[in-house]
Amino acid sequence: MEIKYALDEINQVARMIVSILNGKRTILLRGELGAGKTHLSAEIIRCLFVKMDLVVRSPTYSIVNIYRSDGYDIAHLDLYRVKSTEELYELGLQEILKNYFCLIEWPEVMKNSFINASEVLHITIAVIGDDKRILHLN
């Protein structure tokens with residue numbers, strides 16, 4: 001599936017993504033620096049919590065941020081600075097994947113060794129203009 005959108009339409013895009021999760025517990029986000037992975041992740045988290053004023057911080061330096069609510073426990077990860085699968089084990093990624101709904105930016109270091117493919121939504125974001133993006137979902 002492909003979705004083209006303007007940045008001011010990000011909330012509608014996030015709502016649509018949430019509506020098609022169908023039991024998937026992990027979203028893997030790929031895209032170049034500045035494509036909007038963190039922005040989209042934040043909107044998805046807000047939609048899942050149905051709390052649009054929720055402050056969602058980038059996990060760039062913390063690597064993982066946890067959000068808890070009555071309906072969802074969510075882990076938002078940014079693996080950009082993780083360089084090896086050993087670091088993923090030290091981070092406790094297996095436990096995180098087992099116990100949380102996960103949004104994972106820069107998942108390439110995982111090499112699909114940590115996830116159940118049937119529980120994953122793959123999203124690739126590409127910049128197609130100053131304020132335009134295209135998503136590829138599968």
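Eleven of the 13 residues of H2 are buried, so the helix is largely enclosed by the rest of the structure.

I noted the ground rules. This is a predicted model, where local features need pLDDT of at least 70, side-chain atom pairs count only at pLDDT 80 or more, and totals for chains, interfaces and linings use all residues. Residues are numbered from 1 along each chain as its sequence is written, and side-chain values use heavy atoms, with hydrogens and water left out.

I checked the span of H2 (residues 37-49) next. From first C-alpha to last it reaches 18 Å, close to the 18 Å expected at 1.5 Å a residue; the expected span is 1.5 Å times one less than the number of residues. Helices are DSSP runs of H or I with at least four residues, strands runs of E with at least two, numbered from the N terminus. Just after H2, I found valine 50 with a positive phi of about 50 degrees.

I then looked up glutamate 9. It sits in the loop between strand E1 (2-6) and helix H1 (10-19). At 34% relative accessibility, glutamate 9 counts as partly exposed, a class that lies between buried and exposed (over 50%).

Last, I turned to arginine 68. It lies in strand E3 (residues 64-68). Arginine 68 is exposed, with a relative accessible area of 56%. I looked up its C-alpha separation from lysine 4, 64 residues apart along the chain: 31 Å.

Notes. Buried means under 20% relative accessible area, exposed over 50%, partly exposed in between (1.4 Å probe, protein chains only).
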